[in-house]
Amino acid sequence: MSDTLRLQIPEGLAGERVDVGVARLTGMSRTKIAGLIVEGLVTIDGRPISRSDRMIPDSWLEVQLPEPQVTTPDDQPVDGLVIVYQDDDIVVVDKPVGVAAHASPGWTGPTVTGGLRAAGVPLAREGAAEREGIVHRLDVGTSGLMAVAKSSAAYSSLKDQFRDRTVVKIYHALVQGHPDPSHGTIDAPIGRHPNHDYRFAVINDGKPSITHYETIEAFSYASLLKIKLETGRTHQIRVHMAALRHPCCGDITYGADPTLAARLGLKRQWLHAMELEIEHPITGERIKLTSSYPVDLAHALEVLAD
């Protein structure tokens with residue numbers, strides 16, 4: 001159970017905006033207080049309030065405080081996990097390859113949630129304990145930008161944004177061969193592969209899946225693509241590109257040429273989450289973040305360019 005802070009509003013805060021006054025009384029940031037107000041966790045004389053309401057002297061203020069963070073066995077520092085943006089409500093990381101979004105049965109490696117908790121970053125308590133704050137995921141073998149919710153208000157808002165497809169997600173993928181046409185849209189349903197549990201495939205009764213792509217640069221044996229996801233199915237880019245017979249270079253699971261992968265020095269699929277644009281769950285401001293290619297992917301491009 002979370003604790004409740006109950007205070008009588010002093011005369012010195014008369015007429016002050018509630019978010020400002022509560023921040024002064026509790027020592028918490030205004031952004032954090034705004035999130036609690038949105039969630040209905042701040043009341044005056046038992047009445048829910050808005051951020052723009054004013055402090056009333058001698059009235060009773062109640063603030064439901066967030067529960068303390070609970071640690072789990074996967075809370076370990078993660079090498080290469082970089083925080084590129086953080087405030088009281090959200091944290092965006094640049095995830096390295098070999099790191100899962102969260103703990104799951106059979107996975108014993110590092111996780112984004114465990115790495116963040118180990119770094120002292122609190123996460124939203126919604127969902128299963130091992131998935132706290134997770135609103136979208138990147139494959140273990142995919143690197144790049146990933147947003148995680150720190151507050152309940154952020155978790156709800158980001159889930160809605162991903163559901164309503166207002167989040168802009170841009171990936172770069174190096175695929176085998178040269179897609180024809182050089183730009184287009186793949187609209188093909190995706191579901192579990194009928195014969196392999198660990199794979200997905202384009203199947204008639206799958207979930208609607210839409211991928212937009214355009215060629216950035218064509219090399220002798222491969223093409224660098226800019227990809228925008230309209231939906232976010234598991235392995236979506238990998239499955240759609242494989243269905244076009246242009247699998248991501250290095251993606252042996254989905255039919256990539258192992259000889260080419262070895263030549264490029266790839267031990268995973270060449271796929272990177274380059275750009276992420278979301279609406280801040282409290283302020284409404286659009287936040288756009290970008291990433292750079294990690295060393296292994298940059299090396300593969302250098303080999304192709306030689």
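Which elements do the buried residues of helix 2 pack against?

## Helix 2 and its surroundings

In this predicted model, the buried residues of helix 2 pack against helix 1 (18-26), strand 2 (42-44), strand 4 (60-64) and helix 4. Helix 2 itself covers residues 30-38, and its buried residues are I33, A34, G35, L36 and I37. Just after helix 2 comes G40, which takes a positive phi of about 75 degrees.

## The largest pocket

Helix 4, one of the elements that the buried residues of helix 2 pack against, also takes part in the largest pocket, where helix 4 gives the most to the lining, with 4 residues. The space in this largest pocket comes to about 1400 Å³. Its lining is made up of 43 residues, and those closest to the centre of the pocket are H136, R137, G232, R233 and T234. Two or more residues of the lining come from each of helix 4 (152-163), strand 8 (168-176), strand 10 (190-192) and helix 5 (236-243).

In terms of residue type, the lining of the largest pocket holds 18 nonpolar, 11 polar and 14 charged residues.

For the aromatic rings, the count comes to 1 aromatic pair. The pair is formed by W270 and Y293, whose ring centres lie 5.1 Å apart, and it is classed as edge-to-face because the ring planes stand at 75 degrees, an angle over the cut-off of 60 degrees. W270 belongs to the loop between helix 6 (258-264) and strand 14 (271-279), while Y293 belongs to the loop between strand 15 (286-290) and helix 7 (295-305), so the pair ties together parts that are 23 residues apart in sequence.

The two partners can also be described by their accessibility: W270 has a relative accessible area of 0% and is therefore buried, whereas Y293, with a relative accessibility of 27%, counts as partly exposed.

## A charged residue over a ring

Another aromatic residue, W60, has a charged residue over its face, for R6 lies there at 4.3 Å from the ring centre.

## An exposed residue in a loop

The loop between strand 8 and strand 9 (183-187) contains D180. With a relative accessible area of 75%, D180 is exposed. Along the chain, D180 and I237 are 57 residues apart, and in the model their C-alpha atoms are separated by 16 Å.

Note on methods. Residues numbered from 1 in each chain as written. Predicted model: local features only at pLDDT ≥ 70, side-chain atom pairs only at ≥ 80, totals over all residues. Heavy atoms only, no water. 1 Å grid on protein atoms, 1.4 Å probe; cavity = no way out; pocket = protein on both sides within 12 Å on 5 of 7 lines; lining within 4 Å. Points joined across faces, edges and corners; volume = space filled by probe spheres on them. Nonpolar A, V, L, I, M, F, W, Y, C, P; charged D, E, K, R; others polar. Phe/Tyr/Trp six-rings, centres within 6.5 Å; stacked < 30°, edge-to-face > 60°. Buried < 20%, exposed > 50% of the residue type's maximum accessible area, 1.4 Å probe, protein only. Lys NZ or Arg CZ within 6 Å of the ring centre and 35° of its normal. Contact = heavy atoms within 4.5 Å.
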